[in-house]
Amino acid sequence: MSDESLINPLTKYFNQDYPNQSQPEPGLESKLDPKPDAGEDSYQGSGQLKGRKALITGGDSGIGRATAIAYAREGADVAINYLPEEESDAQEVKTLIEKAGQKVVLIAGDLKSEAFNQKLVDQAADELGGLDILALIAGKQQAAGDITKLSTKQIKETFETNVYPIFWMVKAAMKYLKPGASIITTTSIQAYNPSPYLLDYATTKGAIRTLTQALSRQLADKGIRVNTVAPGPIWTPLQVVGGQPQASIPKFGQSKPLKRAGQPIELAPVYVFLASDKASYVTGQSYGVTGGDFTN
Ligand code: NAD
Ligand code: MG
């Protein structure tokens, strides 16, 4: 007996070799070949985040873009942060959120600045009329095979982008977050099974995982849940700006049990769930979306 609603995860999304390609950091979604699936044509909401106000970092592209589209279609108003070079990607997301009938606030700026983090949170809360969800998705990843060639500049910038802003944004957001609010960070399979060429990046992702667990304990009394998402290999700009060694781009993701890279849309339901009331007994957890690698 066959059931046409059943979809094989091995072949549900692109599972061929990717064309070799590279872009300068931070990269644009619009220039990726093939274009990632961030749910633009497919994500259907069901009111799971009706009336919520969310700040999403990295909301212009990749996993953050898929999350922004999903949150809006679930009924949330959304502020997104991105780098000024990514304005064209951000404008596309703005159009999609407006089409979903939700308010969107675009706030470009560099998270490496503590002052900007504060301004970002205040402006998002001010323009949205409050803040219930922090989806902290921005990140930096640069492959470097040899520790003797790993520059201090890169080590610093990876930590300054991936770790410090979480402290600064949560600190600034505490005056807005009420019981029922949700904080979602973004770790990686790299926190559990690190690659030898991602020393600095994998270490920041381990820090994010631990910070998420500690913060979940600190904020439980206030009724604020804190969880993290651990993606495996996902087809996004991050990978073609130097996140992977160039030679690894064509077969990206194919060594995983599900034999392909994931698409950003495959992450969105997890960010929606963790933000929603359905996750009312879920805090301090890490959710793997890895194509089969273990996150425990
Ligand atoms: P992406 O390139 O689409 O998103 C990363 C975003 O980070 C960029 O769009 C940019 O707006 C933002 N960013 C980078 N530096 C910044 C800075 N200094 N200030 C402000 N914003 C900055 O790639 P993605 O893969 O969707 O990445 C999203 C998150 O997922 C990252 O935290 C990444 O580490 C994590 N992740 C990705 C993968 C993957 O395979 N793609 C795997 C595991 C974890
Ligand atoms: Mg981007």
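A residue counts as near a molecule if one of its heavy atoms lies within 4 Å of it. On that basis 31 residues surround ligand 1 in this predicted model, and the closest are S61, E86, Y201, T236 and Q239. The model is predicted, so that local features need pLDDT of at least 70, side-chain atom pairs count only at pLDDT 80 or more, and totals for chains, interfaces and linings use all residues. Residues are numbered from 1 along each chain as its sequence is written, chains are lettered from A and ligands numbered from 1 in the order in which they are written, and side-chain values use heavy atoms, with hydrogens and water left out.

**Ligand 1: polar contacts and cover**

- A polar contact here is a pair of N or O atoms within 3.5 Å.
- The side chain of D110 places a polar atom 2.8 Å from a nitrogen atom of ligand 1.
- Q239 has a side-chain N or O atom 2.7 Å from an oxygen atom of ligand 1.
- At G139, a backbone N or O atom lies 3.1 Å from an oxygen atom of ligand 1.
- Ligand 1 has 810 Å² of accessible area on its own, and the protein covers 97% of that area (Shrake-Rupley method, 1.4 Å probe).

**Ligand 1: make-up of the shell**

- Two or more residues of the shell come from each of α1 (62-73), β2 (77-82), α6 (199-219) and α7 (237-243); helices (H or I, at least four residues) and strands (E, at least two) are DSSP runs numbered from the N terminus.
- The largest share, 3 residues, comes from α7.
- By class, the shell holds 13 nonpolar, 13 polar and 5 charged residues (Ala, Val, Leu, Ile, Met, Phe, Trp, Tyr, Cys and Pro are nonpolar, Asp, Glu, Lys and Arg charged, and the others, Gly among them, polar).

**Helices α4 and α5**

- The axes of α4 (residues 152-162) and α5 (residues 164-173) come within 4 Å and cross at roughly 25°; axes are lines fitted to C-alpha atoms over the stretch in contact, with angles from 0 to 180 degrees between N-to-C directions.
- The two helices α4 and α5 are therefore roughly parallel (angles under 35 degrees).
- F159, E160, T161 and N162 of α4 meet Y164, P165 and I166 of α5, where contact means heavy atoms within 4.5 Å.
- These contact residues comprise 4 nonpolar, 2 polar and 1 charged.

**Backbone geometry**

- E25 and P26 are joined by a cis peptide bond with omega about 0°, and P26 lies in the segment before β1 (53-57).
- The D33 to P34 peptide bond is cis, with omega near -5°; P34 lies in the segment before β1.
- K259, a residue other than glycine, has a positive phi near 60° and is found in the loop between α7 and α8 (268-275).

Note on methods:
A polar contact is a pair of N or O atoms within 3.5 Å; within protein, one must be able to donate a hydrogen and the other to accept it, and residues adjacent in sequence count only if both atoms are side-chain atoms. Angles under 35 degrees count as roughly parallel, over 145 as roughly antiparallel, 65 to 115 as roughly perpendicular and the rest as oblique.
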